[in-house]
Structures are given as structure tokens and as C-alpha cells.
Amino acid sequence: LSKVYNLNSEKEYTYREEIFDGRVRVFGFKPRQPPPLTLLLQVCHDIAAFLRQSPSNIIAIHCKSGRSRSATVACAWMLHAHLFQKASDALDYYSKTRLTTGTAISLPSQLRYLNYIQTITQTGLPPTNVTELLSITVHSAPKGSFALSVVSGDCKWYPKLQNSTGESLVFEPEKSSELKEDVKIEIFVDKTLSAILFFNVRMAETQTMSFQRSDFDGERH
């Protein structure tokens, strides 16, 4: 038997599941970003369960272009199945098999979530962790009007815009804000989206988290 895994979140790339006798699962997430960690684990478990049913079972994973979203899930499953111990080795194998040149995943956040799967397969899934957001400090902020947004579950925080002259900026929420599971931080410079960061607080090793510019996705100043 075969089973199809559709990773598209775009409605125009959905199709009738009966075409494949109902053996289709949709685990859609947006392009150019990692899937929620729980979704990534769910698809790994679903693939593993299907392949265990028979040694002749095969799966097909696809997104729109067959690159980053498909690569993220395929590499995560290879780690989950212990075909590779390191995320970098799984990605190198996928890239050499699927592409003629380059690497299938280049966004830091997608690489971060692959490393989460590596950690989980080696040491187990940490318990749910709720972190209170006390402040965000941006060192050497780009000059211009500077704004950010933080989204994590029910937490949606949009602090007031600040004008930067290149110094450090501190943003503090006016009321208690709790971060749980996946977090998305967007940075805007002069009203233009400059960088995006995704991470999961469950996988954080300390309550104080620090990120470098190279950890962000997208164009960076």
C-alpha cells in the first residue's frame, strides 16, 4: 500500500482523498517556516505507524515545490526512525538525493526544529513548559522605526514602536504574557518586515533565551 502526505496549507493544493483510496493525510503548514513541533511529531508517528503495518508499504511526501517543507518532514522522520543520528546528516542525505546542487533547507528556524527532533530522539520530549515573557532586549538595533510582534498560542503582543539610533532597545509587556509551545517573533524596520524567528519554549534549556542575528529567517539588517 501507499500513503500520501500533503504538507500544503494552501487551499489550491488540496485534492480529493478518494483518489488514493482515502490514504491521504494532510499536515499542512505555511511555506518558509517550520511546522509546529506537535504537528512535526504527529506526522512522524503517523508515518512510522503506517510503515510498520507492512514492509512493502511506501509513502509519498509533498508540498508545493518539494523542497523545504518536504525536506523538513522527511528529515525529521529519518531522525525519528533512527536512520540518522544527526540532523545535519539527514539533511545532507536528503539534499544529495533530491537536489542537484545546494541544500534543501536554509532557513535557520526550520533547521532549529530539525535539531529539536534530533534532541527528542536522543533524550526524549521535555514536559510542557510555560514561560512568562518579562522583556525583550534588542542589542544594536537597526536605525529607524523599530517594531516587533510576538505570537504564541493565545498570547499576541504588539509593543509600541520605538525609534532606534543604533542603540539597544528594551520592550516590556504591560501585562503578564505567557509563552507556550511555539513562538513566532517578527521584526519590522521602517514598517517593513525585516526578520522572523520561530522557536519552541518546551525545548528551551534556560528561562532566559538569547538569539543572534544569524538565527533569524528572512532578510536581516
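**Backbone, helix packing and core of the predicted chain**

In this predicted model, arginine 32 lies in the loop that runs between strand E2 (24-26) and helix H1 (37-53). Although arginine 32 is not a glycine, its phi is positive, at about 60°. The residue is exposed, with a relative accessible area of 57%, a value that counts as exposed because it is over 50%. A positive phi in a residue other than glycine is also found at serine 140, where the angle is near 50°. Serine 140 is placed in the loop between strand E5 (136-138) and strand E6 (144-152), and, with a relative accessible area of 44%, it is partly exposed.

The secondary structure of the chain as a whole comprises four helices and twelve strands. Taken along the principal axes, the C-alpha atoms fill a box of roughly 60 × 35 × 30 Å. The chain has 221 residues, of which 44% count as buried, and its accessible surface comes to about 12,400 Å², with 51% of that area belonging to carbon and sulfur atoms. Among the contacts in the chain with a separation of 6 or more, 58% are accounted for by residues 24 or more positions apart.

The crossing in which H1 passes H2 is right-handed. On the H1 side, the contact is made by Leu40, Val43, Cys44, His45, Ile47, Ala48 and Leu51, which meet Thr72, Val73, Ala76, Trp77 and His80 of H2. Sorted by class, this contact of H1 with H2 holds nine nonpolar and three polar residues, and no charged residues.

In soluble globular proteins, nonpolar side chains tend to be buried together. The largest nonpolar core of the chain has 57 residues, and those with the most contacts inside it are Leu37, Ile117, Ile136, Phe146, Leu148 and Val150. H1 supplies the largest share of this core, with nine residues. For leucine 148, when residues up to four places away in sequence are not counted, the residues touched are Ile136, Val138, Trp157, Tyr158, Pro159, Phe171, Glu186, Ile187 and Phe188. Of these neighbours of leucine 148, Ile136 is itself listed among the core residues with the most contacts.

Notes: Residues numbered from 1 in each chain as written. Predicted model: local features only at pLDDT ≥ 70, side-chain atom pairs only at ≥ 80, totals over all residues. Heavy atoms only, no water. Helix = DSSP H or I, 4+ residues; strand = E, 2+ residues; numbered from the N terminus. Buried < 20%, exposed > 50% of the residue type's maximum accessible area, 1.4 Å probe, protein only. Left-handed = near helix turned anticlockwise from the far one by under 90°. Contact = heavy atoms within 4.5 Å. Nonpolar A, V, L, I, M, F, W, Y, C, P; charged D, E, K, R; others polar. Areas by Shrake-Rupley, 256 points an atom, 1.4 Å probe, with all protein chains shown as cover. Core = buried A, V, L, I, M, F, W, Y, C linked by side-chain atoms within 4.5 Å.
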